[in-house]
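Take a look first, then read on.

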Amino acid sequence: MGRENFADRRFFIHTFGCQMNVHDSEQLANIMTEAGYEQTQDVRQAKIILVNTCSIRSKVAQKIVSQLGRYRRWKDKDPEVIIGVGGCLAQHWGRDMFTKTPYVDLVFGTHAFHEVPQLVDMVRAGHGPVMDTELREEIPSLGICTAGKNGNGKTKHHSLVTIMQGCDNFCTYCVVPYLRGRERSRPSAEIIREIEALVKQGIREITLLGQNVNSYGRGLPEETNFPKLLAMINDISELERIRFTTSHPKDLTGGLVNCFGRLKKLCEHIHLPFQAGSDRVLTRMNRGYTRKDYLERITALRQCCPDIAISADVMVGFPGETAYDFDATLALMEEVCFDNLFSFMYSEREGTVAVSFGEKVPEKERNRRLKILQELQDRHTWERNQALVGKDVDVLVDGASKNDPQELTGRTRTNKIVNFAGPPILRGKTVTLNITGAYLHSLRGELKSPAAINVHKSPEVILGRKSPEVILVQK
Ligand code: SAH
Ligand code: SF4
Ligand code: F3S
């Protein structure tokens with residue numbers, strides 16, 4: 001039976017996991033739409049429920065299984081509903097997905113997103129359950145440009161752009177290299193073409209994505225590297241802001257540090273996971289740098305760009321982490337004073353090297369350490385945010401604030417959220433705000449009066465023109 005025979009072609013995507021997954025889901029939405037399916041944001045209307053999964057920690061996997069259980073009830077009510085599970089957990093569990101969640105019709109791995117329409121057809125034609133978890137040399141969907149078509153239709157001035165896939169680092173705790181395959185960079189010309197297309201659609205800010213973006217270019221036939229790619233992107237006119245995530249401390253070269261001083265569009269923020277503050281733990285994690293290396297890189301970044309915001313990932317309770325090692329992590333935090341920190345309790349993942357490590361830290365102790373660490377970070381985040389009170393900052397306006405639709409919200413170049421009162425017309429524009437308040441998760445600002453706005457388009461809608469670039473708005 002062909003696809004044409006099915007009247008209801010609506011699909012719903014639920015995404016778990018990192019920004020790479022968010023972007024994969026955007027691409028999946030495009031692939032499905034091009035194959036004649038129609039995306040809905042309301043699961044109750046969908047005949048095809050696609051869950052893009054993550055396997056980074058066991059709690060995340062548990063959460064996904066619970067969610068699948070809820071979708072199962074949906075399917076019980078309507079047997080025509082198809083449930084497809086894709087991405088990292090699907091890749092990890094493979095065929096076991098069908099025994100752990102037997103109501104699932106379709107399992108697609110991290111390299112099979114471009115096959116989903118065909119796999120759905122097979123299920124609908126009665127050939128289910130079906131599975132494709134092959135790890136391929138080339139991933140066809142990598143080249144798909146999501147310009148102007150970001151499934152959720154929300155963030156039209158910000159877009160994610162994949163510059164590389166996979167990971168070759170094999171940190172001993174991490175499943176990603178097994179689930180995403182070997183590291184592959186995209187040719188720079190293809191990336192530039194995608195960003196130019198995005199900018200034409202009104203995108204002003206891009207985030208370059210990869211597990212280790214600063215090793216970009218390795219294995220490509222062209223002579224390139226991450227700083228060269230950034231310089232090329234910086235030359236794209238009408239693009240305002242460039243961000244990237246994630247960078248690995250071992251590959252943070254002087255050339256990349258200098259980019260923060262010389263490339264105007266590169267935002268003053270770096271996410272640089274350190275994972276642990278003790279060399280003994282870093283070695284057991286196979287991270288490839290020492291505490292001293294990490295701190296030297298932070299110093300170099302701050303010398304080059306004094307206002308840079310620094311965020312990181314850190315883990316507590318890695319096997320063999322002693323109270324002394326944990327103190328070294330806290331001391332590193334005191335030394336750096338991060339703007340923001342994503343902290344995790346070590347979670348043992350099947351298939352990784354660390355499974356064989358002795359001296360496991362009991363869960364209660366891991367919890368205790370996490371709590372201490374998070375309290376310290378809250379103090380640092382608060383201090384770093386407080387230091388901005390009274391300063392003027394540029395904010396790219398996202399739109400209405402989540403908590404108060406009468407208010408606007410946006411991000412500073414240092415990636416901090418600022419809420420402020422202003423007209424909705426400012427959405428997608430960069431405004432200068434004076435910071436009047438600082439909290440743990442956001443800042444409060446006031447439009448400078450009259451507000452200076454860097455406007456690229458539609459000047460006619462804004463009051464009182466001053467110069468070709470600067471336009472005034474009455475508060
Ligand atoms: N490629 C990125 C991170 C990808 S995973 C990098 O290397 O920085 C995001 C974060 O999840 C990691 O930085 C790490 O802090 C955390 N993480 C990964 N595996 C984990 C595990 N087994 N247990 C707990 N946290 C883990
Ligand atoms: Fe995992 Fe390490 Fe690769 Fe990051 S660099 S994805 S933590 S193996
Ligand atoms: Fe999770 Fe896969 Fe990202 S395991 S963190 S979704 S790369």
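Q: Within which helix do Glu-365 and Arg-369 both lie?
A: Glu-365 and Arg-369 are 4 residues apart, about one turn of the helix. Helices (H or I, at least four residues) and strands (E, at least two) are DSSP runs, numbered from the N terminus. The helix that holds both residues is α13.

Q: What kind of model is this, and how are residues numbered?
A: This is a predicted model, where local features need pLDDT of at least 70, side-chain atom pairs count only at pLDDT 80 or more, and totals for chains, interfaces and linings use all residues. Side-chain values use heavy atoms, without hydrogens and water, chains are lettered from A and ligands numbered from 1 in the order written, and residues are numbered along each chain as its sequence is written, from 1.

Q: How far apart are N and O in the salt bridge of Glu-365 and Arg-369?
A: A salt bridge is a side-chain nitrogen of Lys or Arg within 4 Å of a carboxyl oxygen of Asp or Glu. The side chains of Glu-365 and Arg-369 meet in one. Their N to O distance is 2.8 Å.

Q: Is Arg-369 buried or exposed?
A: Buried means under 20% relative accessible area, exposed over 50%, and partly exposed in between (1.4 Å probe, protein chains only). The relative accessible area of Arg-369 is 6%. So Arg-369 is buried.

Q: Which residues are linked with Glu-365 in a network of salt bridges?
A: Side chains of opposite charge can pair when their charged atoms come close. Here the network joins Glu-365 to Glu-321, Arg-368 and Arg-369.

Q: Which parts does the salt bridge of Glu-334 and Arg-379 tie together?
A: The two side chains of Glu-334 and Arg-379 meet at 3.2 Å, N to O. Glu-334 lies in α12 (residues 323–336) and Arg-379 in α13 (residues 363–386), so the pair ties together parts 45 residues apart in sequence. The parts are helix α12 and helix α13.

Q: Which residue forms a salt bridge with Asp-339?
A: Asp-339 is in the loop between α12 and β14 (340–345). Asp-339 is buried, at 7% relative accessible area. Its closest N and O atoms with the partner are 3.1 Å apart, and that partner is Arg-384.

Q: Which residues touch the most other members of the largest nonpolar core?
A: A nonpolar core is a set of buried Ala, Val, Leu, Ile, Met, Phe, Trp, Tyr and Cys residues joined through side-chain atoms within 4.5 Å. The largest has 68 residues. Those that touch the most other members are Leu-208 and Ile-233.

Q: From which domains does the shell around ligand 3 draw at least three residues each?
A: The residues surrounding ligand 3 (a heavy atom within 4 Å) include Cys-18, Asn-21, Arg-180 and Gln-211. Domain bounds come from an automatic or database domain assignment. The domains are domain 1 (3–132) and domain 2 (158–386).

Q: How many helices and strands does the protein chain have?
A: The protein chain has 475 residues, of which 56% count as buried. Its secondary structure comes to 13 helices and 21 strands.
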